[in-house]
Amino acid sequence: MSPGLNDAATAADAARKSAFAEHVEPEIDVLLRAARTLTGSWVDAEDLVQDTLIRAYRGLGSFDGAHPRAWLLTILRNTNINSHRRQRPDLLDADDSLERHTLAFGAAESSSPEQTITDRELGDDLHRAVAALDPKFSTVVLLVDVDDLSYTEVADVLGIAVGTVTSRLSRARKRLRHDLNAAAKSRRSS
């Protein structure tokens, strides 16, 4: 390779690394949360994000720099869809409780004992209420209310219209309010 080509390749690699640091790295936490919601497992979420990051790195040359989160969430969604096409059956029925897992890119914050008890009581009822929802509704609730994605970002992740996100979220929240109120009344009467 001639010195001119070597210099150009080195400059292109440096530009790609800089673009990755600027556009992709700040969105890794969002990708992890969205992937966890889509896959239901931290291990699978980390694998999905890793595949997404590889694809994003390879595609940086064609990325215009506008709306990196939407671009990355679209890659995440497509990578998730592609992984289901070749997915092998799960051999283990593991309980992926958040209490036993830590994030790959940082430790979870600990809460006060009072908050832990409140979260556990509400958490059990809320967990049952969310589990009772149809998956298309629970996924939207988790992406918006837990993963803190915007409606547009959820629409990108799921490949649906923003209006559909709004409708599903409204219906899911109404059902959750009903189920949580019923659980609270049941607890008070016993």
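I looked up tyrosine 57 and found it partly exposed, because its relative accessibility is 25% (buried is under 20% relative accessible area, exposed over 50%, partly exposed in between, with a 1.4 Å probe and protein chains only). The model is predicted: local features need pLDDT of at least 70, side-chain atom pairs count only at pLDDT 80 or more, and totals for chains, interfaces and linings use all residues. Residues are numbered from 1 along each chain as its sequence is written, and side-chain values use heavy atoms, with hydrogens and water left out.

I then searched the whole structure for aromatic pairs and got 2 (rings of Phe, Tyr and Trp, the last by its six-membered ring, pair if their centres lie within 6.5 Å; planes under 30 degrees apart count as stacked, over 60 as edge-to-face and the rest as tilted). Phenylalanine 20 and tyrosine 57 are edge-to-face, because their ring planes stand at 75 degrees, with centres 5.6 Å apart. This pair links distant parts of the chain, 37 residues apart: phenylalanine 20 is in helix H1 (residues 3–24) and tyrosine 57 in helix H3 (residues 42–59) (helices are DSSP runs of H or I, at least four residues, numbered from the N terminus). I noted phenylalanine 20 as buried, because its relative accessibility is 14%.

The rings of phenylalanine 63 and tryptophan 71 are stacked, because their planes are at 15 degrees; their centres are 4.1 Å apart. I found both phenylalanine 63 and tryptophan 71 buried.

Back at tyrosine 57, I found arginine 16 over the ring face, 5.2 Å from the ring centre (NZ of Lys or CZ of Arg must be within 6 Å of the centre and within 35 degrees of the ring normal).

Terms used: Helix = DSSP H or I, 4+ residues; strand = E, 2+ residues; numbered from the N terminus.
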